Amino acid sequence: MTTGEMLRFTNYLKGVKQSKYPAFTKLKCYYSLLAHLEKLYGINAINKNEFKHSDPILYRLQQTVREELDATKKVKLERR
């Protein structure tokens, strides 16, 4: 992953997080970002440990997206 790619993904993540979008729209954005990362960089559950050590920056970005996804799910469920 280049610095430019990392910056683009990080800015997208921050934009979604700070937006006034409803929780459902944020969830779609986070899932879309995860799908893009998985497709572009070959991330999957099978090679997680290998991936974790080979590209720690990309791994941390993926974990951050998952944390935001989980936090958004939690907020959405608490509002019901």
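Predicted model: local features only at pLDDT ≥ 70, side-chain atom pairs only at ≥ 80, totals over all residues.
Read from the N terminus, the elements run α-α-α-α.

Of the 80 residues, 29% count as buried. The accessible surface comes to about 5,800 Å², and carbon and sulfur atoms hold 56% of that surface. Among contacts with a separation of 6 or more, 65% are between residues 24 or more positions apart.

**The core**

Now select Leu13, Tyr30, Leu33, Leu37, Leu58, Leu61 and Val65. These are the residues with the most contacts inside the largest nonpolar core, which has 16 residues. Colour by helix to see where the core comes from: H1, H2 and helix H4 (56-78) each supply at least two residues. H2 gives the largest share, six residues. As a general point, nonpolar side chains in soluble globular proteins tend to be buried together.

Within that selection, centre on leucine 37. Which residues does leucine 37 touch once its neighbours within four places in sequence are left aside? The contacts are Met1, Phe9, Gly42, Ile43, Leu58, Leu61 and Gln62.

**The aromatic pair**

One of those contacts of leucine 37, Phe9, is the next stop. The structure holds one aromatic pair. Show the rings of phenylalanine 9 and tyrosine 41: their centres are 6.5 Å apart and their planes stand at 75 degrees, so the pair is edge-to-face. The cut-off behind that label is an angle over 60 degrees.

Phenylalanine 9 belongs to helix H1 (residues 3-18) and tyrosine 41 to helix H2 (residues 23-41), so the pair ties together parts that are 32 residues apart in sequence.

Arginine 8 lies over the face of the phenylalanine 9 ring, at 4.9 Å from the ring centre.

**The salt bridges**

Switch to charged side chains; the structure holds three salt bridges.

Select glutamate 68 and lysine 17. They form a salt bridge whose closest N and O atoms are 3.3 Å apart. Glutamate 68 lies in helix H4 and lysine 17 in helix H1, so this pair ties together parts that are 51 residues apart in sequence. With a relative accessible area of 17%, glutamate 68 is buried, while lysine 17 is partly exposed at 47%.

Move to glutamate 38 and arginine 66, where the side chains meet in a salt bridge with an N to O distance of 3.2 Å. This pair links distant parts of the chain, with glutamate 38 in helix H2 and arginine 66 in helix H4, 28 residues apart. Glutamate 38 counts as partly exposed at 31% relative accessibility, and arginine 66 is partly exposed with a relative accessible area of 33%.

Finish with arginine 60 and glutamate 67. Their side chains meet in a salt bridge at 3.4 Å, N to O. Arginine 60 has 42% relative accessibility and counts as partly exposed; glutamate 67, with a relative accessible area of 40%, is partly exposed.

Terms used:
Residues numbered from 1 in each chain as written. Heavy atoms only, no water. Phe/Tyr/Trp six-rings, centres within 6.5 Å; stacked < 30°, edge-to-face > 60°. Helix = DSSP H or I, 4+ residues; strand = E, 2+ residues; numbered from the N terminus. Lys NZ or Arg CZ within 6 Å of the ring centre and 35° of its normal. Core = buried A, V, L, I, M, F, W, Y, C linked by side-chain atoms within 4.5 Å. Buried < 20%, exposed > 50% of the residue type's maximum accessible area, 1.4 Å probe, protein only. Contact = heavy atoms within 4.5 Å. Areas by Shrake-Rupley, 256 points an atom, 1.4 Å probe, with all protein chains shown as cover. Salt bridge = Lys/Arg side-chain N within 4 Å of Asp/Glu carboxyl O.
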